[in-house]
Amino acid sequence: MNNYTGQSGFTLVGLFSQSKHPALLAGVIFVVFLMAFSGNALLILLILFDTHLHIPMYFFISQLSLMDMMYISVTVPKMLMDHVLRNHRISAAACGMQMFLYLSLGGSEFLLLAAMSYDRYVAICHPLRYPVLMNHRVCLLLISSCWLLGSLDGFMFTPVTMTFPFCGSREIYHFFCEVRAVTKLSCSDTWLYETLMYVCCVLMILIPVTVISGSYSSILLTVLRMNSAEGRRKALATCSSHMTVVILFYGTAIYTYMLPNSLHSPEKDMVVCVFYTILTPLLNPLIYSFRNKNVTEAVKKLLGMSILFQEIVK
């Protein structure tokens, strides 16, 4: 405690310091950010304005796209601006806000993926009861629960982490204020806090994974009993898309928050975080929706209306 600096703010070491070609990497990340943001924004607009997409599955997908837009916006713009301006400082308030949003959105997405798997379970295993079991009120309740329960992570961990005393170096070996990276800078004993955080993360991951595993196990058994080959193909195509996202998102989260510290290094942690903070928001619109016939038809309709409008203007 005698070495407590009393400074405010931190320095983000960042992803580019580990790269031999930082300018190229920054250009790639900028393009990925634009593609992810525009892809998710387009998907939200299509679901909002096309009445054929006003069903629970697409309602959940629109919420996933909203979370992904916010998720990638929390980290990437700051990282790119730091690289361009050569200023890697971040204030304590901005660091706390970034940490809160990152934890809240991550927790919400964990729960939302479980809700989406339940939606597919009801649609495939109980199709006749689907309109009743997944009515508008139930969908709103599930979405609200995902947002509220997911934000508990942010409310629990951000205030505690940001009130630790930080001694000596304030360099965060990450490209954003990731809670584990910030905790490592503390000069106090954080063993109890890290244990509590580990238990909470295990529960936040284990409960949705249990729901997802149970849902898709039941779906698989139902699909195998289907007489229609076309029905089996459509059901498996939908579920395989969902499982791709689930494995990518939960796999990286398990590595980050459940594996022992001996398997971690700042370089590995940053690379893994790239997958679920930058690449997952890019892949979700492609995996979930743009391979979907209803969505592609909505895109064609939107393009047709755009061409017609241009002709009218001319």
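In this predicted model, Glu109 touches Leu64, Met67, Asp68, Phe249, Thr280 and Asn284, leaving out residues up to four places away in sequence. Glu109 belongs to helix 3. Its relative accessibility is 0%, so Glu109 counts as buried.

When residues up to four places away in sequence are not counted, Ile172 touches Phe10, Thr11, Leu12, Val13, Gly14, Cys95, Cys177, Ala181, Val182 and Leu185.

One of the residues touched by Ile172 is Ala181, which lies in helix 6 (residues 179-183). Apart from neighbours within four places in sequence, Ala181 is in contact with Ile172 and His174. Ala181 has a relative accessibility of 9% and therefore counts as buried, because buried means under 20%. The C-alpha atoms of Ala181 and Ala253 are separated by 15 Å, and these two residues are 72 residues apart along the chain.

On the surface, a nonpolar patch is formed by Tyr118, Tyr198, Val199, Leu203, Ile207 and Val211. Together these residues have about 510 Å² of accessible area. Helix 7 (residues 191-224) supplies the largest share of the patch, five residues.

The unreviewed UniProt entry lists residues 23-48, 55-76, 96-118, 138-157, 196-223, 235-258 and 270-290 under "transmembrane region". Two of these stretches were examined for their secondary structure. Over residues 23-48, the chain is 100% helix and 0% strand, with the end C-alpha atoms 37 Å apart. Over residues 196-223, the chain is likewise 100% helix and 0% strand, and here the end C-alpha atoms are 40 Å apart.

Charged side chains were considered next. Side chains of opposite charge can pair when their charged atoms come close. The count of salt bridges in the model comes to two. In one of them, Asp82 pairs with Lys78, and the closest N and O atoms are 3.0 Å apart. Both Asp82 and Lys78 lie in helix 2, where they are four residues apart, about one turn of the helix. Asp82 has a relative accessible area of 6% and is therefore buried, whereas Lys78, at 24% relative accessibility, counts as partly exposed. A salt bridge also joins Asp119 and Arg120, with the closest N and O atoms 3.0 Å apart. Asp119 and Arg120 are both buried.

A further feature concerns the backbone at Arg86. This residue is not a glycine, yet Arg86 has a positive phi of about 60°. Arg86 is placed in the loop between helix 2 (56-85) and strand 2 (89-90). At 65% relative accessibility, Arg86 counts as exposed, because the cut-off for that class is over 50%.

Terms used. Residues numbered from 1 in each chain as written. Predicted model: local features only at pLDDT ≥ 70, side-chain atom pairs only at ≥ 80, totals over all residues. Heavy atoms only, no water. Patch = residues over 30% accessible without salt bridge, like charges linked within 9 Å, V, L, I, M, F, W, Y side chains within 5 Å. Areas by Shrake-Rupley, 256 points an atom, 1.4 Å probe, with all protein chains shown as cover. Salt bridge = Lys/Arg side-chain N within 4 Å of Asp/Glu carboxyl O. Helix = DSSP H or I, 4+ residues; strand = E, 2+ residues; numbered from the N terminus. UniProt positions renumbered as here; feature names shortened; annotations may be inferred. Contact = heavy atoms within 4.5 Å. Buried < 20%, exposed > 50% of the residue type's maximum accessible area, 1.4 Å probe, protein only.
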